[in-house]
Amino acid sequence: MADVSVVIPVMNEKRTLRKVIREAFRVDRGAEVIAVVNGSTDGSERIARACGARVIVFPRPLGHDVGRAIGAKAAGGRILLFVDADMVIPARRLRPFVDAVRNGVDVALNDYSGPVRIMRVHGVVLAKHALNALLGRPDLEGASLTAVPHALSRRALETIGAESLSVPPLAHARAICAGLVVEKICRVNVGALNPRRSRKGRGRSLEHLIVGDHLEAIEWWTRHAEHAGSYGAGGLQSMESGGVP
Amino acid sequence: MIRNGHHARRPGAGFAPRTRMGGVRRAETGSIRRGPSGRRGPPGKRRRPARIRPSVQGRQPFRRGLPGRSARSRPGVLRHRRRATAAIRRPVERRPGVRGERATVRHSIGRRPVIRTAGASAFRRWRDIGFRSGSAWREAHPAASAEEARAALHDNVNHAFAPGGEGATEKPAGVMSAAIRIYADGFMRGTGFSLPVEPVPLKGTASAVVCAGRNEAALEEVLGQLERLPLREWIVVIPDHALTAREVAERHARSVIVPAGGWTGGAAGRALGAARTDTDIVLFVDGEQPAPAGELARFLRAVDTGMDAALNARTSGIAKFHLRPPAERLLEFLNFSLGRRDLGVRSLAALPFALSRRAIDAIGAHSLAQPAKAHAMLLVRGLRVGLGGSVTWRAKSDLDSREHLEAWREAMTLRGVRLTFPDGRRNRAAAGEPAP
């Protein structure tokens with residue numbers, strides 16, 4: 001059984017897919033690469049097979065992030081690494097996430113918050129910071145399972161449930177609530193690498209989707225914080241002192 | 001009495017200098033720009049009359065009419081949005097030199113801002129009218145105190161300048177408030193008393209709620225500013241740890257003292273105080289951080305002209321995003337998720353603010369004990385939330401996250417989990433994740 005599984009949701013990404021899969025195989029010797037090809041009509045499936053990935057095909061689009069949950073369910077590795085098919089990140093920049101999980105981290109996040117040294121930030125950036133503050137982890141700033149790359153331990157996957165990955169902020173809240181070791185590892189500037197938003201002009205609806213996801217996470221938290229009778233890993237105390245737990 | 005400004009159009013009267021000081025101050029000092037024949041300066045060296053521009057009497061259209069009137073004629077749906085936009089922009093328009101006069105500032109590209117004012121003679125006339133009213137009142141009340149004179153002035157201003165009053169003409173708001181000030185100044189001179197006063201025409205009644213702290217000097221200053229405003233009374237909430245503040249409060253005739261018992265935080269004190277009010281407008285101020293009466297007047301005015309909640313429009317003290325405390329990020333996201341990105345971090349969690357009776361009745365005075373939740377309730381229930389004055393204010397304690405959870409729970413109960421941010425594209429069933 002492979003030690004590392006790399007999950008790549010794919011929807012019409014023939015331009016970058018070959019390189020993305022190549023880098024995924026380079027992350028770890030004997031890595032398992034799972035391409036979840038959905039709603040693709042551009043031959044992405046053929047490319048993925050040719051490159052040696054395990055391919056799961058859905059003729060219709062699954063929607064944002066759902067491919068990750070499906071890939072995670074199929075994955076057999078001890079460590080799961082998640083990347084997107086539309087941006088090529090070199091293997092050497094992906095390895096730190098895998099290494100962190102190997103060294104005991106359950107959820108290894110990209111230390112990327114988006115542009116924040118301004119007065120008015122993007123809605124998604126705001127949502128991520130607010131959720132972390134609410135979960136008692138302001139130290140995570142804008143790091144979140146919403147952004148790739150990130151890696152999960154098998155333990156994390158079993159604790160939060162693979163299906164919850166289809167709403168990443170929800171999975172994020174579950175991981176922190178469960179007391180898993182959630183850390184930001186290093187910075188991969190996906191904002192600069194990701195041309196998708198401008199290219200396909202879906203920035204606004206994507207912003208709304210992700211903000212809504214965060215609201216779902218908050219709603220989940222209102223129910224579970226109440227049941228647990230606590231506010232996360234020292235959450236309330238850290239809020240009051242304004243510091244970092 | 002004021003005839004609706006017609007006589008001010010006689011030649012030469014309708015001009016005011018283009019200057020940061022505005023025509024108001026000029027009227028006070030009595031220095032009026034002369035015509036060409038009376039020109040001073042060395043002969044042969046003609047000074048350009050370019051700094052002179054027509055006054056509002058001579059020029060149409062105005063930027064804005066009287067606030068109350070124009071607002072009410074708009075369709076209801078657009079009302080709060082437009083108001084909010086106008087209010088948001090206002091702090092930027094303000095110039096240090098015109099703080100007192102509140103003249104209307106218009107920006108033009110590549111030029112200095114143009115301040116439109118009424119003609120000097122019009123202001124002189126308002127002062128004379130004020131003076132005559134003040135003298136007449138004093139003759140009728142020879143034994144009256146200075147306090148009574150001030151109360152009489154507020155009544156008088158209400159009469160003369162409230163919408164429909166004899167002094168209410170279609171002037172830009174800045175000119176109106178300058179006129180009111182001049183009128184008030186004249187009135188007080190007429191009565192022979194000199195007490196600082198902040199005239200603000202109100203249709204409704206107003207009161208204030210103050211939470212006292214340990215700093216008595218600050219409380220004295222806070223109450224001193226409230227004295228200038230047309231408030232019927234103010235509730236001074238005194239917690240056990242600040243019992244000495246009682247003496248300070250008792251020195252002011254309009255104070256109503258409410259002991260708060262054990263300390264439960266300023267918000268709880270405000271809830272307690274709010275429950276004791278019955279006026280149309282309630283202004284909530286900090287007992288330890290004095291704010292100038294002129295700014296507080298703007299909160300009263302905002303609510304009086306149709307807003308349900310006028311928040312502190314402060315821009316200072318708000319850092320760039322990465323330097324903001326977690327509590328401010330939560331407030332900003334709360335506003336964002338409730339469709340009011342324009343409010344930024346501004347909320348009921350910051351003082352001062354003013355509420356309409358409608359707002360207090362809708363959310364209940366007790367709910368003010370949890371500011372973030374109360375704020376969300378106002379927004380979710382469609383009350384008109386906008387900006388009032390701009391006061392520098394610093395938070396004393398961070399909000400707790402529990403309260404924010406309550407705020408979102410409240411909103412989600414009414415509008416659904418994702419509020420106005422639906423997920424219409426995901427095939428969650430394929431992954432085995434239930435729908436939201």
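**View 1. The side chain of Thr305(B) sits 3.2 Å from the backbone oxygen of Ala302(B).** In this predicted model, the Thr305(B) side chain also gets to the backbone oxygen of Arg301(B), this time at 2.8 Å. Where along chain B are we? Thr305(B) belongs to the loop that runs between helix 10 (293-304) and strand 9 (309-311) of chain B. Thr305(B) has 9% relative accessibility, so it counts as buried, the limit being under 20%.

**View 2. Arg358(B) and Asp308(B) pair up through their side chains in a salt bridge, 3.0 Å from N to O.** Arg358(B) is part of helix 12 (residues 357-363) of chain B, while Asp308(B) is in the loop between helix 10 and strand 9, so this pair ties together parts that are 50 residues apart in sequence. Are the two partners buried or exposed? Asp308(B) is buried, at a relative accessible area of 2%. Arg358(B), in contrast, is partly exposed at 46%.

**View 3. Glu220(B) makes a salt bridge with Arg251(B), and their closest N and O atoms are 3.0 Å apart.** Here, too, distant parts of the chain are linked: Glu220(B) is in helix 7 (residues 216-227) of chain B, and Arg251(B) is in the loop between helix 8 (245-250) and strand 7 (255-261), 31 residues apart. Arg251(B) is exposed, with a relative accessible area of 57%. Glu220(B) counts as partly exposed because its relative accessibility is 29%, between the 20% and 50% limits.

**View 4. Within helix 5 of chain B, Arg150(B) and Glu147(B) are separated by about one helical turn.** Their side chains meet in a salt bridge at 3.5 Å, N to O. The helix covers residues 146-161, and the two partners are three residues apart in it. Arg150(B) is buried, with a relative accessible area of 4%, whereas Glu147(B) is partly exposed at 39% relative accessibility. As a general point, side chains of opposite charge can pair when their charged atoms come close.

**View 5. Zooming out to chain B, we find 15 helices and 11 strands.** The chain has 436 residues, and buried ones make up 56% of them. The accessible surface of chain B is about 19,200 Å², with carbon and sulfur atoms accounting for 52% of that.

**View 6. Leu215(A), in helix 10 (residues 203-228) of chain A, is set against chain B.** Leaving aside residues up to four places away in sequence, Leu215(A) touches Phe333(B), Ser337(B), Trp408(B), Met412(B), Val417(B), Arg418(B), Leu419(B) and Phe421(B). Buried or exposed? Leu215(A) is at 0% relative accessibility, so it counts as buried. For scale within chain A, Leu215(A) and Ala100(A) are 29 Å apart in space, C-alpha to C-alpha, and 115 residues apart in sequence.

**View 7. Arg426(B) and Asp213(A) join the two chains through a side-chain salt bridge, with N to O at 2.6 Å.** Between chain A and chain B, the count is five salt bridges. Over all chains, a search of the whole structure turns up 40. The polar side of this interface also includes 16 residue pairs in polar contact between chain A and chain B, both residues being at pLDDT 80 or more.

**View 8. Several helices of chain A supply the side that touches chain B.** Helix 3 (66-74), helix 5 (123-134), helix 7 (168-177), helix 10 and helix 11 (235-241) of chain A each bring at least two residues. Which of these gives the most? Helix 10 of chain A does, with 16 residues. Sorted by class, the chain A side has 27 nonpolar, 13 polar and 12 charged residues. In total, 52 residues of chain A are in contact with 43 residues of chain B. The size of an interface is often given as the accessible area lost when the parts come together. Here, the area buried between chain A and chain B is about 4,100 Å², and carbon and sulfur atoms give 65% of it.

Definitions and conventions:
Residues numbered from 1 in each chain as written. Chains lettered and ligands numbered in written order. Predicted model: local features only at pLDDT ≥ 70, side-chain atom pairs only at ≥ 80, totals over all residues. Heavy atoms only, no water. Helix = DSSP H or I, 4+ residues; strand = E, 2+ residues; numbered from the N terminus. Buried < 20%, exposed > 50% of the residue type's maximum accessible area, 1.4 Å probe, protein only. Contact = heavy atoms within 4.5 Å. Polar contact = N/O pair within 3.5 Å; in protein donor to acceptor, adjacent residues only side chain to side chain. Areas by Shrake-Rupley, 256 points an atom, 1.4 Å probe, with all protein chains shown as cover. Salt bridge = Lys/Arg side-chain N within 4 Å of Asp/Glu carboxyl O. Buried area = accessible area lost by both parts, 1.4 Å probe. Nonpolar A, V, L, I, M, F, W, Y, C, P; charged D, E, K, R; others polar.
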